[in-house]
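The sequence and the model come first.

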Amino acid sequence: MAAAGRTASRLLRHEWTLASVAGLLLAVVLTWPTLKNPWTTIPGDLADPTLQTWQVAWAGHALLTDPLAIWHANALYPAMYSYAYTDTLLGYAPAGLFGSGVEAAVFRYNLLYVFAYALSFVGAYALVRQLGGVRTAAAVAGIAWAFAPWRMAHSGHLNILSAGGIALCLAMLARGHGWSLREGHRPHLHRPGWIVAGWLTAAWQVSLGLAIGLPLIYILAAAGLVVAVGLGWSRWRGGRWVLGRRVVVANLVGGALFGAVCIWLGTTYLRVVELYPQARRDLSWTEMFSPPLRGYLVAPADSWLWGDYFEPARTQLSWPPEMTLLPGVTLIMLGVAGLSYSAFRLRYRLMLGLGVLVSGALGLGSNLAGGGDPGYMTLSRLLPGWDALRTPGRLMLWTSLLLAVLAAGAITEFVRQLPDTGWQRVAGRIVLVVPLLLVLAEGVNRTPHPEVPPAPTAISSAPEPLLVLPGEGISEFHVMLWSTEGFPRVANGFANFVPPAQQDIRTMSMSFPDPGSIAFLRQAGIRSVVVLPDRLAGTPWDGVTFRPVEGLGITREEIDGAVLYRLD
């Protein structure tokens, strides 16, 4: 018992335990009030977050009931592959195994929202520590990256906020290869197990969505190609094999698993494009969302520290949610300082600086030299799948991560030069509190947390497949969320494009109830229609509840303010 107690005590006091606990506490505090009313409110708005709440819930439901049919979701009936019509959060499917119903789905989403921030902190912390940064430097980098002002513009995009796996997989791969920015490559520190873990973490990250996963795929592929060429060149010149057989095998196994996941996801999305060519968007979307250069110095409205200050600047942006890209004033200053004052080797600093410039330039999209080559638009034309990444500014994820590593090098050098004892060391430790406080201040949010609309009672009484009217706008998001209560098949749903079957149902239902619309809906398999009168104003369905049903062979019933029509 005494030995077990000592082991438990060591684990509780271990750096990674403390870092994980710190990440969770920071996430809870800096995302507050997300966990104040986690069953009834949701961060951001009532559009994309409700869609993503359904995505996680459906994935868990599919795992429990029919994993092979996971892509054929209950929404957007009768379309196939409806789960892949937009970026998914498939990697969070295990969370969907717990709980059922709307409140459980909202609670689960809020927990994942906080978890995403916590994992980003832990991932960046681990990466900096592996690359040679001290603990204080890792903490500053973790906070600055995980809670950067630009992220607050994506409070409604859990797939964008869920980027912690990027930093974490890079940390694991670096550890497995015995590599750091201070010491370079150290073959005696090879750890094949960490290499496989890194590849698996990368695969999980990609499964959370290709919006941020696709750049990771290409970066890892490019890094692997560079290493392979370097090793081949070394062998050709008579050099020795520096990686070792176990490291090579670990990379082959891990890389194969990573590749299998990427191919599985990629072929699924390609199948959607094959079925629905309109799902492919041209580069005009990229041009529309490309931020101007000044966007890198503008903070979103959700930033507590900078939101009001940058309000006039935001009005000059055509689409602020994707163009307010301030990584943090403190992070910029420390990152610039880290180019010349750092504990990291010079050549690595130069590579990091080049990475900041390249990712920042690509993030301008079509606004880089007027859309000239080379740039983001060229990648969209050449790299498979890149044209689907229509929001170039999201590459700030990589720009800010590289800045965080540069900043960590500067802080590490400052700590390294502190004397071992004396008042200078005490004063230096006090000075180190300043960047911590500054990045914390820049990470405070004022994100709205609206109440989630409760599910109408009529939906649970309606025979499936069912249609809810109005069948457009934000109601489509809400119907998907409400369908997490039992997952009935519903013709409603949101996608990045409108499937022909859904458009036909929308068009024909505008005259409901009449003989033509009823016959069409019956032929489409719809057995009931639920009308929400309080949402009809200003829509093509306005006044539908006042139309007579006599002689149409259907029944009409009012249930708690909604109207249920049974077609069979």
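Which residues does V530 touch, not counting residues up to four places away in sequence? They are A458, I459, A462, L467, V468, L469, A562, V563 and L564, where a contact means heavy atoms within 4.5 Å. This is a predicted model, in which local features need pLDDT of at least 70, side-chain atom pairs count only at pLDDT 80 or more, and totals for chains, interfaces and linings use all residues. Residues are numbered from 1 along each chain as its sequence is written, and side-chain values use heavy atoms, with hydrogens and water left out.

**Overall build**
- The protein has 22 helices and six strands; these are DSSP runs, numbered from the N terminus, with helices being H or I of at least four residues and strands E of at least two.
- The C-alpha trace spans about 90 × 65 × 55 Å along the principal axes.
- Of the 568 residues, 54% are buried, meaning under 20% relative accessible area, with exposed meaning over 50% and partly exposed in between (1.4 Å probe, protein chains only).
- Of the contacts between residues at least 6 apart in sequence, 76% join residues at least 24 apart.

**Strand β4 and V530**
- V530 belongs to strand β4 (residues 528–531).
- V530 counts as buried because its relative accessibility is 0%.
- N37 is 493 residues from V530 in sequence and 29 Å from it in space, C-alpha to C-alpha.

**Helix α21**
- Helix α21 covers residues 500–509, and its buried residues are Q502, I505, R506 and S509.
- Seen down the axis, the buried residues of α21 fall within an arc of 100°, so they line one face of the helix; the arc is that of the directions from the helix axis to the C-beta atoms.
- The cover over the buried residues of α21 includes β3 (466–469), α20 (474–482) and α22 (515–523).

**Helix α22**
- In α22, S517, I518 and L521 are buried.
- These residues cover an arc of only 100° around the axis, which puts them on the same side of α22.
- P515 and Q523 are exposed on the other side of α22.
- The buried residues of α22 pack against β3, α21 and β4.
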